[in-house]
Structures are given as structure tokens and as C-alpha cells.
Amino acid sequence: MGDLKLSGVETSYGTSQVLFGVDLEIKSGEVVTLMGRNGMGKTTTVRSIMGLTPAKRGEISFGGVVIQNSRSHNIAQLGIGYVPEGRQVFSNLTVLENLVATAANHAGVDDPWTVDMVMDLFPRLRERAKQYARTLSGGEQQMLAIGRALMTNPSFMILDEATEGLAPIIRDEIWHVLEHNLKKSGQAILVIDKHPEAMARIADRHYVMEKGRVVWSGVSEELLANKDMQHRYLGV
Amino acid sequence: MELFFEQSLNGLQQGVMLFLMAAGLTLVFGIMHLINLAHGSLYMIGAYVAASVTQASDSFTLGILAALVAAGLTGMLLEFSALRRLYNRDHLDQVLATFGMILFFNELVKILWGPQALFLSTPEFLSGTLEFIPGAPYPSYRLFIIGAGLVVALLLRHLIIHTRVGMLIRAGATHREMVGALGVNIDELYTIVFGLGAMLAGLAGALAGPMLAVEVGMGEKILILTFVVIIIGGIGSVRGALVGALLVGMVDTYGRAFLPTIMRELLDPASADTVAASMSSVAIYVLMAVVLIWKPRGLFQAYGS
Amino acid sequence: MFLSKIIGSDASFRTKIVTLLGLLILFAVPLLANLFNEPFLVDIASRILIYALVAVSLDLILGYGGMVSFGHGAFLGLGAYVVGILTHHSYEGTAVAFLPGDWQGTTQAFVQWPLAMILSGLLALIIGALSLRTSGVYFIMITLAFAQMLYFFMISIPTYGGEDGLNIWERSEIPLLDLYDAKSFYFICLVLLLLCLWCCSRIVKSRFGMVLRGCRQNEVRMKALGYPVYRYKLMAFVLSGMIAGLAGALLANHTEFVGPGLMHWTRSGEIMIMVILGGMGSLIGPVLGSATLLMMEEVLAGLTEHWMIFLGPMLVLIVLFARKGLYGLLIGKGTDNG
Amino acid sequence: MADPILEVISLTKCFGAIAASDGLTFSVKRGTIHGLIGPNGAGKSTAIAQLSGELQSDTGRVRFDGQDVTRWAVDKRARSGLQRSYQITSLLPEFTAEDNVAMAIQSQQGHSFRFWENARKDNSLRTPSRKILERVGLSDFADNPAMDLAHGQQRQLELAMVLATAPSMLLLDEPMAGMGQSESLRMMELLRPLKGDVTMLLVEHDMDVVFALADMITVLVKGQVLLTGTPDEIKNHPEVRRAYLGDY
Amino acid sequence: AEPVKIGMITTLSGGGASLGIDIRDGFMLGLKMKDGKLGGVETQVIEVDDARKVENAKQIATRMIKQDDVDIVTGIVWSNLAMAVVPSVTRAGKFYISPNAGPSALAGKKCHENYFNVAWQNDNLHEAAGQYVTDKGLKNVYLMAPNYPAGKDAIAGFKRFYKGNVAGEVYTKLGQVDYAAELANLRAAKPDAVYFFLPGGMGINFVKQYSQAGLSADTPLFGPAFSFDEGILKAVGDAAIGVYNTSQWNKDIDNAANTSFVEAFKEAYGRNPSLYASQGYDAALLIDSAITSVGGDLSDDDKFRDALRKAEFDSVRGNFKFGSNQHPIQDIYVRVVHKDGDTVTNKIVSKVFTAHQDAYATECKL
Ligand SMILES: Nc1ncnc2c1ncn2[C@@H]1O[C@H](COP(=O)(O)OP(=O)(O)OP(=O)(O)O)[C@@H](O)[C@H]1O
Ligand SMILES: Nc1ncnc2c1ncn2[C@@H]1O[C@H](COP(=O)(O)OP(=O)(O)OP(=O)(O)O)[C@@H](O)[C@H]1O
Ligand SMILES: [Mg+2]
Ligand SMILES: [Mg+2]
């Protein structure tokens, strides 16, 4: 179990800098959101954590281990599970194969996730077990992406826009899962999403980004109360 | 009639030989998205090492093993030192770099082994013929190649479809980055896959040695043919590689075997010979063009697309 | 470093400097050859220019249109054969084969060269019309297939020498000019190359060129915008084939020989290598690429019999460390595709 | 104004055993915004692809603006005024934002077999491009390559390109996907005034947007039309709530 | 006197390099035997690789003529390269001495007073094979060659002296590697013998596969020396044993010049000399004899040409003189491949032609 800590993280794509000193802290067992308008650097922050777009400056540590110079498979092996923006399921693997291909017990838990457990969580995946992932609908792909991350048994989950393009009913279902299953099992979660009210319901604390910096943070009550901030930074 | 059977067998054998090359290339090309022209060089290395070791040790088996090791190691070294930097680059950068490697290896082999072709004999127990089509004794060695190729095809199929490594390889074909972000060392995996492809090329080289001239530049001759095969089959599909290889083998063989006779029915002998020879020379290219005009992405869909 | 301080790091400024310097060198070649008493330099330089011309033609479709033709040797070869065949008949006083009537060919450049362009363009039209149904690597291979068909065809027809090729006993004639004079020939090549570069640089910036470049980036999108993509690509392919045909006509005069070797895939490969080496999608790059590759061959082959063992790794290093080809290295930025 | 601009008549497309669209029949009135909603995998994107011509239909017909376009190719439909946007952003990545829009405008100005004048200095392309970028709020990014834009900005550019072609009908596949709330609002403000001139078929999972914009809504389930109705009818329809809206 | 400059254009890299290397080595050996002085004159050899490309060869020739101002050019292996290069050399007033390629055009209509061939006219060996097969009383022969002009010339040359029936005539793809289909057809045709012309790697492939198909036992194989040269035999191994091949030279031809050549070559390069090496060596000796004869003065082309025509040197193949078209008139032998201890090598079986001249000499107007 580990805390994730970012301090002064700066990241660039080529010559264009996107993050200008991001500070974040997520304790184990916490559910935290990262919000902000388009292009403010949420995904980039997450990519820096995962080592996909390494940070140029600043420090990222997980469970006390400094990871900003590690390679992404090493970071994942520390127990960070990742559900990327745009799902990115392995389209030429079946549902079942998607789940088992990268399965592992990174956090070293006693009762690791099994295919059956994931399928109990998302019964639709059981119906589609033998189907190639590319033929799944968007919502099912999203469930698969979450299930795939769970199968690596992380102690910390990152979900980037996990509900984009989903039907309202499925969106509710996923939030329900987050709220009831994951939170209860004591996992830390970082969620990126665009629905402040729903986020206020499921998360403990919130960060808001603007132009590559964290400009606001607070607990759910503060978020809901602060209409001015919502309007300024989230455009609500 | 038995001539037809015999020619079909020849086509099959040629196809299997091509498949051995194509399988490795399609792994690297279709899954790692790397155009590796130096695949032919690995084939050449396999043949040369097999020839030298067989000569020195008098054991063909040892020769094949040495070829596998040599080609595999060379492949991994190439991947590790240069090619892995090219995965995210334009295909054409890969073409230029691997073309440079061809030049290098051809010259290196010439320096190490001299400009003249090398000798690699058929192992004693395979040097005879088997007459299972009456009246047409067939070289046992060619039968051996057919067997070896089919075994490799089955093993490869098993590896890719049923093992976890196979799943990861296929997964990497679409979202390489994600495989890493889920905790698998994809770089290492790719080095191994590349080594595997290289070993297949080495194997093809070693097996071809007893039948063909082991000489500098032998790789390029078969390279183009191999590309034709995987294009016809659909890039990245091992099944496509097999079907493509057999198709090319058959068309090429039938063309060479029967076109002269057919043409002589239609034309005067002198021009018939020329026309038939020209037609059979281009038969596989015509085949490829026809397949692509009909199915612009090859016969079987690739994994990555 | 000092230099970069003076000229600054501004890419477009550096482009101008490089272009100017390049022009200066090109025009000075005959002078330099005289100065150093190396008359042969002019011949090498002419060959470089001719290959630069093919490479530029390939860059037009490869660098801007994303069409990787692995059969460009076919157009080069056809252009050369047109000159070879016409000269052959005019020299022998026989009628051109496979044609009705008894036209005995000609040595007039004003007939030969445009004809070379037209026929290569026609060939490109046919090959392109069929090949453009495919894309990506499939396109690479189908163009290769067509070129190989032509290669084997030329090898086996005895009428024009087959594999032995045809000697060209007389270079093309242009009134008032002597193509046997190395310098005149050089300047003809130079003028044609510059003309072609100028036209191509206009074309790639024109509406047509923008469509072409759009197709390279996202063909599906271009279709959805309403562009009949196929027609534009085919047009570019034909243009490119015509330029390659012209280069072939020049090459035939330079070598005074044509053979099917020009159509072999290794030749097409070399042309492609020139484009990539120099930097694709830049037009100037292919010129650099042609000069570099041919000069490297020339210099290295004079040093050792094992020169390829140096050339090979050099190419690898260039790919690894000069991401956008030599042109990118000089200019300090990528191609001007964006 | 009331005549249908688009008529879809029992359109079907099967992928192997899966019927992605299954006898789809509906029509869209000229000048309206017509919502197309349904659960994930209902066949919305498939329908859009069939209408735009990217997918060949197995059976059925499509009539657009009085013509049978069932057999027309993509570019021909596009030139006749039927344009689409993509659910997954599809741009010309190396061109600048402005070039992207200019290409859209150029496609409307007759053929592009013009080989000589510099298209980047052509004011008949550039001026309107700038205007459209301003409208979607991308003026500051006009000279940035499209691939360097953030996801949301790319969505905006996507829409700008479609608008630039001055279409008579737009097929919008999740234009708001990936946009934040403020960007969504802005898009709505962009689309609303076009109503009347441009007919729109709008696929979108953001119900706030659909209910705010659409005149009529068709609900798809498993490749078939469940029902077509006004937003209010849809909102309260029990079967739609069960299959799609949930607690919305 | 001024040093003699000789341009050596040959194939040293890529496919077929071994031929060029042998020619070069043979020539250099000849030069070395004369202490680096052909005809007593300091000799400078400018050696450049043509990579088997016509254009390269042509360009090198131009440079040698224009810049290096060589007196003599030599070295080209391949007929198509020779066809392209020789005319421009001779037109520039230089001499060309061919150590290998002898295309029919250059022996006939397009012959030139400055062009000499010390090897052969391309058809020579095929003609000898046709004669030998006829002498042996073989009546039904299967013919095979690649589908290109040299291949067709080869078959035509063979038929010129062959009197029997043609069981089959097959033209294969240039550069083909697998001959299974052809071999199956061949077996079905049941010929008395097979004559094939498949230069380079094609020949190695063919002979290996021929033997694997179990054909060598019943159907004797005939070919020109090209496919049974020292280097190639090493690569083919036992598969070649018993094959008959025609040649104008072999290392066991018994004359003083040859013995010293074979000895010296082995000494210098540590391998047996090949046919090509012998031709390169003869080329050097020919030049040496001519320069000697003109007393080291190359300024008078006519005198030098006359000296060359006399061919007053001790050829390693014994009898040698030039015909009217300046191509060799020489003896041609048939050799058989056999095993000598551990090495597979050739030995002469009989002489097929004595003082044989090519068929194109009459077309040459010299
Ligand atoms: N590959 C890239 N190259 C260059 N710039 C990029 C790249 N990807 C993103 N950017 C830039 O980085 C900035 C932040 O992008 P990022 O994707 O992190 O935003 P985001 O907050 O996740 O936005 P969204 O809500 O749209 O997903 C944007 O301004 C974008 O233009
Ligand atoms: N190429 C294909 N092969 C097989 N099945 C396919 C293919 N394309 C789509 N499908 C299937 O067709 C159905 C309809 O897909 P479509 O993309 O049209 O859904 P959608 O309504 O747009 O969903 P979403 O809201 O998630 O975008 C899905 O079940 C999908 O799996
Ligand atoms: Mg994001
Ligand atoms: Mg969809």
C-alpha cells in the first residue's frame, strides 16, 4: 500500500511544456478526482505518473519509491493500475485474453482478482468472453479496460475519462462499481471525469487543474459549495 | 498424372520453405510494425553458420542448432542496438537502416568466409529418394523440409494463439504502450520476438543450405519472394503467411512446370519457349497484383489493423 | 556553432542559405573541375543530377503523397529505353518494332525526350490506376510487382538486346548544343533539374499539392471532405512517372547504354534510399541524398574493395541520428509537410 | 421546411452473425436537429457510416435531398452536401488548425486541379478559415499543428472543418465526446443557430445536449428503431428509461 | 619510358564477385611474375569495382579514359557490361583486352581493331559440348538455360554442333534458386543426357538438386566449365562428381607455362586457380608480350595492335592465336569432375576441338 505524491512535476511534449509544477497527494485508500477543462493537462499528469511521458522536472513517488525515472512496466509493477483515455483495449484479443494477458498480482494481495470475480462485477463480459474486443460496443470496452486493470491487482487505480461516450445507464453502473466495490476494498483511486456532481458523490477529495497547474483542491462539500470555482475552472 | 502429383508436391515444398522465412518476417513486420529487410541477412547467416559447423563437426543437427543460435543472437543484437529505436519511426527509416545492414552483413560474410559459395551437404540419412509416387522418386530431403515446415507452423500457431506470450505479442500489435503500462516489460518481449523471427530465418537458411548455393546475397533473392508471400497472405497473420506461401509455391511451380507445354500448343516452339519462360518468371508477381487488386489488404486480415 | 550564431537558428533563413549554397556549388562544378584538373568530375556530377531528378520525382509522391513507389525504376527504365530504341532504329535504319508503319526512330531530343515523358506517364497511369486501389505496404509491393514484370519482360525480349541491353551509338541531338560535351550536358541536366524543382515546389504548395499532402496524412478524412482522392493521387503518380521518364532519357544519354537493370527492384530501392537519406517531403533533400549516396559509393569504392562494410553502418547511423534525413540536419527542422 | 431531407428505408448491415443495423427506417425533416440515441453498440456509428457511404449496406436504401444515394461513394455524397464528423477524432495531423479548415473550404470550391498558385496565400481560403476558427474558439491555435492540440481542442477543430464545408446536412457522431462542460456549451451555441439552414443528425450520449438541441429523437436498440418522438416523449418513455437513460 | 597505365574494371563486390576477384588475382599474378613491369615498362594498374552495374562500369571507364588517361582497359566479367563499356573504350582510341566476356556482337558485326579477347567467344564451350555429346553417340538431349540472350546463345551454340534430337528445351528465370519443377519435367522426358548452362549460383543450385533428385545415376549431365570451376566445385561437393564439362583450360594441362602458373597462384593466394584466374593471367602475359615487341613504346597504336595480334606469349592453355576478329583460336577440352583424395576437382578426359574458331569471325570486317 502506498501513497502517491507528486511535487513540482513539469512535463513537455517535445519543446512545448504542458505541466508547470503539479503537486498532488493521494493517500492509500482515498478516492480523489482530477478535474479541469479540456487540454489543461490531466491526461499528461497521469501519463507522467505512469512513465509514458516522463516528467522533466519535479518528483513523483509511490509508496516512498521515487518513480519519475522508472520505466512504465516497473511503475505498474509497483501496484498502479491504469485505465487509459480512449479505452485502448487489445482489439485483436478476445475478452478473456484481454483479462489474462497482463494479469498479475502486483500489490501482492492475498485474494487476487480472478477472471470470475471480474465477470461477476461486469456480467456482460461473461456473455462476451470469447468475442474479440474490437467487436465490443464502447461501453463493454470500457468495462473491459477497467477489468483488465483490476486483473493486475493494483493498490492504486487511475481512471482517465472512464465514462466518455457511454450511455447514461452504463455510466451510472460504472460509478456504482467505483463507489461500492473498489472503495470498499480499500483501493486508492484517482479519477478523471467531467461530472462534478457525480464525482462529489463518490470521491473524498478533488483537485482542479488549469493550464498545467493545480489551482484548487478540497473535499466534496467544498466542491459543491464553490459554484464560482466550478464556473471558473470547470465551465459549469 | 503422377507428374501433376509430383509437381504439386514440389509446389508444397517450395511453399513450406517460403513459409519458414515468411513466418519470421510476418511476426516482426505485422506485430512489431518493423520492416526488416535484414531478415534475408539472418537467413544467410543461418546458412553460412550451418555450413561451417556441419563441415567442422560432421553433424547436420549441430549445424542447424548453431544456425539457430547464431541467427537468433544476431537478431537480438540488432534489435537491441539499433532497431528498437526505430519502432515509432516511419517505415521508410526502417527500410533505410535495414538496407544498410544488408550491405554490412553481405560484406562481413564475404570477409569472413570469402567470396565463393560454401558447401553444405544433405545429411546422410536424408540424401536418398523415396518413391511413394510410383515412377517418380522424390528426394527425402525435400520431404523432410515439408515436415519441418509444418511442425514449425503448428508450433508457431500454438505459441501465438494459446500462450500468454502470444497474447502479449498480439496485444503489443495494437497498443504497445498499454502493455507496458500494465506491467509487462514490452521491450524485452519484443527483443525476444525479434530473436524468434531471426531464428526462423536462420532455420530457413540452414535448411535451404543443402539444396541451394550458400553464397553472399542469397538472402535478397528470397527476401522479395518472402515479402510477396506475406503481402498476399495479409501482413501479420501467420495463417496468411502459410496460405500465401503455399499459393506462391504452387503458382510458381505450376507455371514453370506446365506453361511451356501449354504455350507450345498455342504458338510456334521458338516463341512458345520464350513466352512461357517470361510468363513463369512473372507468375508470382501477377499473382500478387491480382490478389491485391481483388483484395487490397491481402487474403487474411492482419492483427494490427 | 559560430556559423549558427551568424545565420541564426531561424529555419526558413537557414533553408535559404542552404539552397543558395547548393546552387552556388552546382553552378561551380564545371569551374571546380577545371581548377582541380579533374574533368571527370563533371560526368559524376551529371549522373548525380540525373538521379536527383528521379529522386525528386519520387519525393513528390512519396514525401508529399505518401505513395511509396518501389517500382520507380520502371519509369526511369522506360524513359531510357525510349531514347535507346529510337536511337537504335535511327542508327540501324530499321523500322521501330511493334509499331505500324516504318518510322525509323530519331535522335532529336525534342522528339525523344517528350516521348519518353509521355510514355512513362502512360505507364504510370496504368500502374497507378491499378496500384492505387491499395495503400501502405501493399502499395509498395504492388508497384514493385509491376516493375518486376517489366524487368523480366525486357530481359527476355531479344528485339532490344534483352539482358545485354542496347548500346546508344549517338547521343540525342539538340540544335546548337553538343551533348557529347560534358559541360553542355551537365548544364542541360542542371537546368532541367532546377526547372523540375521549381515546378514541384509550386505544385506542393498549390491547391493540388495541399490535397496530395492531406491524403498522406489522413485519406479517409479527405474523402469525407469530398475529395475524390483516387484521382488526385493518380494525377500525382503520373506526374512523377513523367519526370522519372525524363530522367531516364537523360540517363540513357549519359550512360550511352540502356539495359533492363534500370528496372530491377534494387534500382528502385536505391532511388528510394536517396529520398529517405536526403529527407523526404523536402524536394531539396532528394538532391542531397542522390549526391551523398553516389559520392559515398564513388569515394569508398576507390578506397577499398570492402567499401560496403562502411557504407552500411553509415546509413544506419544517419537514420538513427539524423531523424529527418540530411536535409533536416542542415536546416535544423523537419520537412515542410506541416 | 417540413419535407424530409433524408429518408432511410430498411437499411441493414451485418458483420457475420451480428446485425449492426437491422431494417433501419426513419426520416429526418429539413432544417431540424434530429437526435439518434441508444445504448452502446446499438448501431449508431454503423448507421452513420452507412449514411455517409463509408460502409456499403447489405440491403435498404438511402434518399438524400430527393436523390437515391444508396450507391454513391463517400466523396460524392460529401460534395452533394452530406457531411459527417467522426466519433474518433479524424484530422489532418500535420497541417495547422487553419490548414485543416482551409482544406474543408477548398473542397467546396470545385475541383482542386490547380497546380500553380500558393494555396496558403489564397485569401478565398484563408479569410473564411480564420472566421470559422474564431467561431469555434480556436483562433489562438490557428498555427498549431492539429496533432499538438488537446483532445478537446481537436474535437472543436473537427467540428470547424465540417462547418466549413457549408453542408446542407451534418452527420454528427458524438461531437461532444471528450469535451468539458464549458466546451460542450460552446458547441451547443455553435450548433443551435445553424438550425434551419443545416439539417443535423446528432448521435450523442450527453443527454443534456440532446434534449436541449434536438427537435426529434430516434432511439435505436440492437440495430432497430425502438421509437421516434419529441424529446419529452422520449424522456418519459418507460422502455427508453429502462434500456438507455437509467436514472437520468 | 613512361609507365603503362592499365584500367581494371571488374566485379569485386556483390553477387558474382568471386569471378572478378579471380580475374584480378590472375592478372596481378602475371604482373608480379614480370616484377611489376609488363614488357619491361613500369606498370600501373588502376583497379575499380563495378559492383556488376552497367552504369558504374561505364562511369569508371569514362573516368579512366578522360582522367587517368589509361592505355589499356581490361577486367570486365559480364557480357552486358562489356557490351556497354567496350565500344566507348575503343572509340576513345584505347585498347580493350577482354579476360572473360565474349558476346557474339563484339566477335561479329561490332568487332573493333582495338578490341581483343583472350578468353573465348561466349559460344565456344557450348559448341564443344554439342560436338562431344554427338561424338559420344547421345541422341536425345535435354537442354536448359536461363531466359536471357546469353542463355539462348548457349543453346544455339550447343545445337550448332549437336546432331541428335532435342528431348526438351527449357528456359528458366534468371537468378532462379529452385529447380524442382524443371527436374520433375526433365525426369518425365526421359532424355539420354542433359546439357545445361546456368552460370553462378544457379548452377550450384541446379547440380545439387539434380543429384538429390537421384537423376545423376542414370542421366549424365553436361555443362560448360563455368558451373564446374574450382570455387564452385567446393560449394557443390560430391553432387558434381561424374559431370562432364567443356573448357579451354584446366590446371592439369601439361605445359611449362601452366605448371608455373598453377604453382605460383597457389603460392600467392593459397587456393587453386580457376578458369577465370587463368584468363586474367593470360591477359597480363598478352599485354606483356606486345609491349615487349614494341620496345615499350606505346605511342604508335598500329604497331602495338600488330604486336597484340601476334599473341607471342606462352598461354597457359597451350596453343593460342588470334583469329581475324581478334578472338582466340584455341583447343577445347572436355573435363570430368572426380574426387582426388578429399577434393572434388576436374581432370581432362579428351580434346574436343583443336584450333577451334568461333562462328562469328566471318561477320567481322577486320
Ligand atoms: N502528443 C502531444 N504533443 C504535443 N502536445 C500535446 C500532446 N498531447 C497533448 N498535448 C498538449 O498538452 C496539453 C494538455 O493535454 P492533456 O491531454 O493532458 O489535456 P487534458 O486535460 O487531458 O484534456 P482533455 O480533457 O481534453 O483530455 C494540451 O494543450 C495539448 O495541446
Ligand atoms: N467490423 C465489425 N465486425 C463485427 N461487429 C461489428 C463491427 N463493427 C461494429 N460491430 C458491432 O456492431 C454493433 C454496433 O456498433 P456501433 O459502433 O454502430 O455502435 P454504437 O451504437 O455507435 O455504439 P457506441 O455508442 O458505443 O458508439 C456493435 O455490437 C459492434 O460490436
Ligand atoms: Mg485527457
Ligand atoms: Mg458509436
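**Around ligand 2**

Author: Ligand 2 lies between chains A and D. Before we zoom in, this is a predicted model, where local features need pLDDT of at least 70, side-chain atom pairs count only at pLDDT 80 or more, and totals for chains, interfaces and linings use all residues. Residues are numbered from 1 along each chain as its sequence is written, chains are lettered from A and ligands numbered from 1 in the order in which they are written, and side-chain values use heavy atoms, with hydrogens and water left out.

OK, who's around the ligand? There are 17 residues (each with a heavy atom within 4 Å of it), and Thr135(A), Gly41(D), Lys44(D), Ser45(D) and Thr46(D) come nearest. Sort that shell by type and you get six nonpolar, nine polar and two charged residues; here Ala, Val, Leu, Ile, Met, Phe, Trp, Tyr, Cys and Pro count as nonpolar, Asp, Glu, Lys and Arg as charged, and the others, Gly among them, as polar.

Now look at the oxygen atoms of ligand 2. A backbone N or O atom of Lys44(D) is 2.7 Å from one of them, and for Gly43(D) a backbone N or O atom is 2.9 Å from an oxygen atom of the ligand. Asn40(D) uses its side chain instead: a polar atom there lies 2.9 Å from a ligand oxygen. On its own, ligand 2 has 640 Å² of accessible area (Shrake-Rupley method, 1.4 Å probe), and the protein covers 78% of that.

Conventions. A polar contact is a pair of N or O atoms within 3.5 Å; within protein, one must be able to donate a hydrogen and the other to accept it, and residues adjacent in sequence count only if both atoms are side-chain atoms.
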